Amino acid sequence: MVRPTHEVEYEQMLLSRHGLPGQGGGRRRDGLLERSAYILLSRIRVQGPMSIGELSEAFDLDVSTLNRQTTAARRAGLVERIPDPAGGMARKFRITEEGVRMLDEERAWTIRALDRVMADWTDEDIAVFAACLRRFNAGIERLGGRPWPRP
């Protein structure tokens, strides 16, 4: 008997190829935060200032990749480097007011797009889907040893 995980694999593959539809039905391109910046800002916002080493561990990415991502985010005015608030030697990255504004704008746009996609779903259906998705992500995080903090 084939387990239903083959259906999950296929639907996950399809989900990874989709972008959320914009107002005209196509994918939004203008003003969109780059995916890596969106994830970086989201993590720093929920966890607080983080060093390159902490980011590397959190994302399971090498330092050179994170240096490129944080440099781009700094140039865009989304994060700034600060001394470690706990007094450590490493400098940390903190989200700027512009980063908060852009992240809030992006998140609001995404929620509006999801509202359109799920317009014919009940609130209960959406809550069940969110709980299943949270459980799915938590399972991946548990196996990878890298839990994602949730607000």
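A crossing is left-handed if the near helix is turned anticlockwise from the far one by less than a right angle, and right-handed if clockwise. The model is predicted: local features need pLDDT of at least 70, side-chain atom pairs count only at pLDDT 80 or more, and totals for chains, interfaces and linings use all residues. Residues are numbered from 1 along each chain as its sequence is written, and side-chain values use heavy atoms, without hydrogens and water.

Helix α2 spans residues 35-47 and helix α5 residues 97-117 (helices are DSSP runs of H or I, at least four residues, numbered from the N terminus). α2 passes α5 in a left-handed crossing. Their axes come within 10 Å and cross at roughly 110° (axes are lines fitted to C-alpha atoms over the stretch in contact; angles run from 0 to 180 degrees between N-to-C directions). α2 is therefore roughly perpendicular to α5 (65 to 115 degrees). From α2, Y38, L41, S42 and R45 meet G99, V100, L103, D104, E106, R107 and T110 of α5 (contact means heavy atoms within 4.5 Å). By class, this contact has four nonpolar, three polar and four charged residues (Ala, Val, Leu, Ile, Met, Phe, Trp, Tyr, Cys and Pro count as nonpolar; Asp, Glu, Lys and Arg as charged; the others, Gly among them, as polar).

α2 also packs with helix α3, residues 52-59. The angle is about 110°, and the axes lie 12 Å apart. α2 and α3 are therefore roughly perpendicular to each other. The crossing of α2 and α3 is right-handed. I39, L40, R43 and I44 of α2 make the contact with L55, A58 and F59 of α3. By class, the contact of α2 with α3 has six nonpolar residues, one charged and no polar.

Conventions
Helices (H or I, at least four residues) and strands (E, at least two) are DSSP runs, numbered from the N terminus. Angles under 35 degrees count as roughly parallel, over 145 as roughly antiparallel, 65 to 115 as roughly perpendicular and the rest as oblique.
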